[in-house]
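We will go from stop to stop, selecting a few residues each time.

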Amino acid sequence: MNEAIYIHKHQTSPYVFTHGISFREFSYALPQPLAPLLLLKSDYPGGIFHMHTLHAVVLEDELDELRKEKVDEYSDFCWIDVEDTSSLDELSPEEIAELLYLGHMKQPLRKPFLNTLRNRFVYLSHNDGHFNKTYYRDWQDFYGMLSVVFSEKISKKVQDKWVLPPFRKASKIRPVTLTLWKELESQLEEGALISLSSMEVNRIKVTIPIYVVGDYVDIDQLFEDFEPKKYNPIASLVYHRKSEQWAVT
């Protein structure tokens, strides 16, 4: 996987195309724990078979097992969360047909959020982490997840570059605030590439460039087209080590 995060946020239809964020990262970084998952399309061998929908359900106590799976090696990994598993028995034939369509076509027949299930997400991935399409009922979930995943990735990359006194562990990079992500919202809606491989680190700060690259559904084509020397960063995220604060420049 390339050292970059691609984000294309669609405001009117509440979904985001991403590259560089895996299910494991996504699920650990959410502001609230995941509810049980109804697997729409997956090679996962576990879960409980649900007779009414003819799909497997992964309960909360099995989520850690699912996180250990190499879901990026599945061709497709698609699911919808379920607030209360008893609501699955209340799904109408039309709603079950909508779920089948959703898993197969990677888009809703009518709407991504079912009142019966009260789902927060629809997660549709192909080669998980390489190309993901995720619907969010609440954008706060998206920005909260993105902040945690981003800070974790940056923390791992800088820990070997900052010189520390003996026996002192590097502190984790603080998450980017919602306010700063909102400043970058127009770039995310155009299609933004946050280049971790172009990150600059010195003893004072970390600078990560952000490029507007447009709308891509073929991620391989994106990286064939993208050459940093031909693009000027539209902005940069800068982390100041002393104040432990992020800024957009």
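A residue is called buried here when its relative accessible area is under 20%, exposed when that value is over 50%, and partly exposed in between. Keep in mind that this is a predicted model.

**Stop one: strand E8**

Select residues 131–136, which make up strand E8; six of its six residues are buried. Which residues lie on each side of E8? Phe-131, Lys-133 and Tyr-135 are on one side, Asn-132, Thr-134 and Tyr-136 are on the other, and both faces are covered.

E2 (residues 15–19) runs antiparallel to E8 and is joined to it by four bridges. In this pairing, look for Phe-17 opposite Lys-133. E7 (residues 121–126) is also antiparallel to E8, paired over six bridges, and here Phe-121 stands opposite Tyr-136. Follow E7 into E8 and you pass through a hairpin with four residues between the strands. Stop at Asn-127 in that turn, where phi is positive, at about 55 degrees.

The model has 24 aromatic pairs in total. To look at one, select Tyr-74 and Phe-77: their ring centres are 6.0 Å apart with 65 degrees between the planes, an edge-to-face pair. Tyr-74 is buried at 7% relative accessible area, and Phe-77 is buried at 1%. Next select Tyr-136 and Phe-142, whose centres are 5.4 Å apart and whose planes meet at 65 degrees, so this pair is edge-to-face as well. Both Tyr-136 and Phe-142 are buried.

**Stop three: charges over rings**

Then move to Arg-67, which lies over the face of Tyr-28 at 4.3 Å from the ring centre. Arg-67 also forms a salt bridge with Asp-64, with the closest N and O atoms 2.6 Å apart. The two are three residues apart in helix H2 (residues 63–68), so about one helical turn separates them. Arg-67 is buried at 12%, whereas Asp-64 is partly exposed at 42%.

**Stop four: salt bridges across the chain**

The whole structure holds 14 salt bridges. Select Glu-3 and Lys-157, where the closest N and O atoms are 3.0 Å apart. This pair links distant parts of the chain, 154 residues apart: Glu-3 comes before strand E1, and Lys-157 is in helix H4.

Continue to Glu-98 and Arg-110, a salt bridge with its closest N and O atoms 2.6 Å apart. Glu-98 is in helix H3, while Arg-110 is in the loop between H3 and E7.

Met-51 lies in the loop between strands E4 and E5 and is exposed, at 63% relative accessibility.

Note on methods: Residues numbered from 1 in each chain as written. Predicted model: local features only at pLDDT ≥ 70, side-chain atom pairs only at ≥ 80, totals over all residues. Heavy atoms only, no water. Phe/Tyr/Trp six-rings, centres within 6.5 Å; stacked < 30°, edge-to-face > 60°. Buried < 20%, exposed > 50% of the residue type's maximum accessible area, 1.4 Å probe, protein only. Lys NZ or Arg CZ within 6 Å of the ring centre and 35° of its normal. Pairing = 2+ DSSP bridges. Salt bridge = Lys/Arg side-chain N within 4 Å of Asp/Glu carboxyl O.
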